[in-house]
Amino acid sequence: MCGIKQFHKYQSRPFSMTFLMCFALLSAMFFQAGIVHAAVVSWTNPAGGLWTTASNWSTGAVPGATDDAFITLDGTYTVTLNGIRSINSLTLGDAANTGVQTLLIEANSTFGSASLTVANGVTNAGSLTLDNTSASGFSSNLTLTSGTLTNAATGVLNVNATGTGGGGRTISAN
């Protein structure tokens with residue numbers, strides 16, 4: 001019949017490659033839907049600035065609870081964290097960099113207490129400072145829920161370094 005093969009209603013039809021590829025793609029999408037992937041988010045502002053300014057980060061978004069934050073851009077600058085934030089991991093500074101990269105976790109009268117919770121460890125080769133510029137008793141906190149705090153040979157921890165306020169400064173591990 002003009003080169004067209006007809007199938008009897010009881011004959012099986014051959015699987016097409018298109019069908020198999022569609023099935024594989026839909027299966028992959030279904031199984032990936034529940035998985036949350038951490039993003040690598042790097043600081044990009046060589047002048048420093050506020051942690052909460054999205055344009056200071058490589059993704060154009062402030063790091064969140066599943067993200068790995070890297071403050072390793074060459075140069076001397078300070079990243080100031082006010083308020084309450086959570087991330088997956090933090091890498092501050094790089095021993096091969098010139099300058100000092102500083103993370104200032106700062107409680108103040110505008111934002112109140114400041115806290116950074118890190119789920120899976122901190123590596124510090126820069127300067128990590130917990131401070132309070134308010135007399136209102138607000139606190140500055142760094143909390144590790146898992147992992148380790150690794151302070152490299154070039155790393156500095158400043159707790160209550162220059163604060164004028166009365167709140168506590170705490171580094172803790174759960």
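Is Ser146 buried, exposed or partly exposed, and what is its relative accessible area? In this predicted model, local features are considered at a pLDDT of at least 70 and side-chain atom pairs at pLDDT 80 or more, whereas totals for chains, interfaces and linings use all residues. Residues are numbered from 1 along each chain as its sequence is written, and side-chain values use heavy atoms, with hydrogens and water left out.

Ser146 is partly exposed, with a relative accessible area of 36%, where buried means under 20% relative accessible area, exposed over 50%, and partly exposed in between, for a 1.4 Å probe and protein chains only. The residue is found in the loop between strand 11 and strand 12 (149–151). When neighbours within four places in sequence are left aside, Ser146 is in contact with Val118, Ala119, Asn120 and Gly121, contact being defined as heavy atoms within 4.5 Å. Asn88 is 58 residues away from Ser146 along the chain, and the C-alpha atoms of these two residues are separated by 9.5 Å.

Of its 174 residues, 35% count as buried, and among contacts between residues at least 6 apart in sequence, 69% join residues at least 24 apart. The accessible surface comes to about 9800 Å², of which 60% belongs to carbon and sulfur atoms, as calculated by the Shrake-Rupley method with a 1.4 Å probe.

Four strands form an open sheet with parallel pairing, in the order 5-8-11-14; two strands are said to pair if DSSP finds at least two bridges between them. Strand 5 (84–87) and strand 14 (169–173) each have a single partner strand and stand at the edges, so one side of each is left without a neighbour in the sheet. From one strand to the next, the twist averages 10 degrees, based on axes that are lines fitted to C-alpha atoms, with angles running from 0 to 180 degrees between N-to-C directions. Strand 5 pairs with strand 8 in the parallel sense over four bridges, and Ile87 stands opposite Val118 in strand 8.

Parallel pairing is also found between strand 1 and strand 3, over three bridges, and between strand 3 and strand 6, over four bridges. Ala69 in strand 3 is the bridge partner of Val41, while Leu90 in strand 6 is the bridge partner of Ala69.

The largest nonpolar core contains 22 residues, of which Trp51, Ile71, Leu90, Leu103, Ile105, Leu116 and Leu142 touch the most other members; such a core is a set of buried Ala, Val, Leu, Ile, Met, Phe, Trp, Tyr and Cys residues joined through side-chain atoms within 4.5 Å. Strands that each supply at least two residues of this core include strand 7 (101–107), strand 8 (114–118) and strand 11 (140–144). Beyond its neighbours within four places in sequence, Ile71 has contacts that include Trp43, Trp51, Trp57, Leu90 and Leu103.

The structure holds two aromatic pairs, for which rings of Phe, Tyr and Trp (its six-membered ring) must have centres within 6.5 Å, planes under 30 degrees apart counting as stacked, over 60 as edge-to-face and the rest as tilted. Trp43 and Trp57 form an edge-to-face pair, at 5.0 Å centre to centre and 85 degrees between the planes. Trp43 lies in the loop between strand 1 (40–42) and strand 2 (49–50) and Trp57 in the loop between strand 2 and strand 3, so the pair ties together parts that are 14 residues apart in sequence. Trp51 and Trp57 also form an edge-to-face pair, at 5.0 Å centre to centre and 70 degrees between the planes, and ring pairs thus link Trp43, Trp51 and Trp57 into a cluster.
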